[in-house]
Amino acid sequence: MKKRFLAATLAVCFCLGLTAAGCTREVPEEVLRELEQRHQTSSSKKDKSSISSSKPSEKDDPLSNNELENSSSEPEETISSVTLKAVGDNLIHNTIYIQAQNRASNGQAYDFYPAYEKIAELLEGADFAFINQETLLASEVFEPSSYPMFNSPTEVGDTMLELGFNLFSHSNNHALDKGVKGINATLDYWENKEGLGEDFLVTGLFRDENDMNHVRVMEKNGISLALVAFTEHTNGLKLPSAAENKIIYTNDTETIKNQIQAADQTADVVIVSVHWGIENSHEVTDAQRDLAQKMFDWGADIILGTHPHVLQPVESITSTNGERQGYVIYSLGNFISAQDAADNLVGGILDFTIYKNMGTGEISIGQPSLTPVVTHYETAWQKNLSLYPLSEYTEELAEFHGVRRNYPNFSVDYIWGMLEEVIGETYLQEKPMTEDPGDTDEPPPES
């Protein structure tokens, strides 16, 4: 059974691994400083040797000084780490797939990559990269379609793989937009892609109960990660009683518990994707908080919320018994969409570092940070739709955003104000410095 512990405990394990030759992954300097500081505090209360091994302290050890010196040169434990990046709803409206069709060349039917190209660099270097694929990929059976019954070209999935995503959830309110045929066509698409189950995982839609109970696990750098996914509803649509396919709903807490506990027994880290909450609301409901606590107590480590189409807060979460700590983001917002409300156009890439003591198996999760992204388009018809890192998005671009037709106050400052209110400084990537306006004796303009 895997071992996990509160994040502060990693200070001890990590300091033991500082001198280890060939650490699996370099750890950022700021993490080093924080862990070293914690270790200095903790080691004053408890002897280091009692933590790192069963060797007696120098006071009790009958070995000579030379023998002690030789024994201390034994290889130290190694800390391995992986990065996890997560985004929200990949919501493919007709504007997006028509644009991709118009951009296609060299025999392509669609080219979605240009819409994501400006943020591709932000995804580089991730060992694990999660996305909620909000729309079915069933174009081999059905024509592409948009709101309210979505179906997207399979080239969307190809582009997500090209961008580096390897954790996919289809557990959302549009899962049944094309019925059982849509589910099976989507699963057919993924199953025909080389590397499924090894290079990337897909969950949330299942062929049958056996498929549902198969734990999706992938390993990087000696750290195994399991992915499970649940949805609050499917827009009132239900699977036919005779269908073998499965979707797990959030009111089926017994199945959720079993899924998470099975994943917890199988992998070092359990990632839960859950589609819940109120659309277009930054507020977290009591039902979200209650289910999040239950899922964490059952074995979840990181909970990634989707569905509201706007961002909701990131919070640390502690198990009821106080022995484990992890994180929940109640909504990652939209990754890309052609929606027409200001806050629907702002999402983020949530970045985690996960550590494992390779000697003890203990796991710790570093504090995440959110890198904001913006969906930009021009005119009411979403011309030239493209994702931008907020750090590269300018007031000039914002002035020409098509959303200003309904939200004339949309601007870079508006976006940062919303982010600071919803996400807060603790988890928000540092706001870039604005240009120095220079010395002036002029008073600031009145608002």
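A: A salt bridge is a side-chain nitrogen of Lys or Arg within 4 Å of a carboxyl oxygen of Asp or Glu. The structure shown above is a predicted model, in which local features need pLDDT of at least 70 and side-chain atom pairs count only at pLDDT 80 or more, while totals for chains, interfaces and linings use all residues. Residues are numbered from 1 along each chain as its sequence is written, and side-chain values use heavy atoms, with hydrogens and water left out.

Q: With which residue does Arg216 form a salt bridge?

A: Side chains of opposite charge can pair when their charged atoms come close. Here, Arg216 is paired with Asp211, and the closest N and O atoms of the two are 2.8 Å apart. Both Arg216 and Asp211 are buried (under 20% relative accessible area, whereas exposed means over 50% and partly exposed lies in between, with a 1.4 Å probe and protein chains only).

Q: How many salt bridges does a search of the whole structure find?

A: The search finds 9 of them. One joins Lys193 to Asp158, with 2.9 Å between the closest N and O atoms. This pair links distant parts of the chain, since Lys193 is in the loop between H9 and S5 and Asp158 is in helix H8 (residues 155-163), 35 residues apart.

Q: Which residue forms a salt bridge with Asp188?

A: The partner of Asp188 is Arg207, and the closest N and O atoms are 2.5 Å apart. Salt bridges with shared partners join Asp188, Glu191 and Arg207 into one network.

Q: Which residues are buried in helix H5?

A: In helix H5, which covers residues 94-103, the buried residues are Thr95, Ile96, Tyr97, Gln99 and Ala100. The cover over these buried residues includes helix H6 (113-116), strand S12 (334-336) and strand S16 (383-389).

Q: Where is Asp199 found?

A: Asp199 is in the loop between helix H9 (179-191) and strand S5 (201-203). Its relative accessibility is 48%, and therefore Asp199 counts as partly exposed. If residues up to four places away in sequence are not counted, Asp199 touches Asn166 and Met218. Phe165 is 34 residues from Asp199 along the chain, and the C-alpha atoms of the two are separated by 9.8 Å.

Q: Which residues does a cis peptide bond join, with omega about 5°?

A: Backbone angles are another feature to read with care. The cis peptide bond joins Tyr147 and Pro148, and Pro148 lies in the loop between strand S3 (128-132) and H8.

Q: What is the phi of Asn280?

A: Asn280 is not a glycine, yet its phi is positive, at about 65°. Asn280 is placed in the loop between strand S8 (269-275) and helix H12 (286-298), and with 49% relative accessibility it counts as partly exposed. His307, likewise a residue other than glycine, has a positive phi near 110°.

Q: Is His307 buried or exposed?

A: His307 counts as buried, because its relative accessibility is 4%. The position of His307 is in the loop between strand S9 (302-306) and strand S10 (314-318).

Definitions and conventions: Helix = DSSP H or I, 4+ residues; strand = E, 2+ residues; numbered from the N terminus. Contact = heavy atoms within 4.5 Å.
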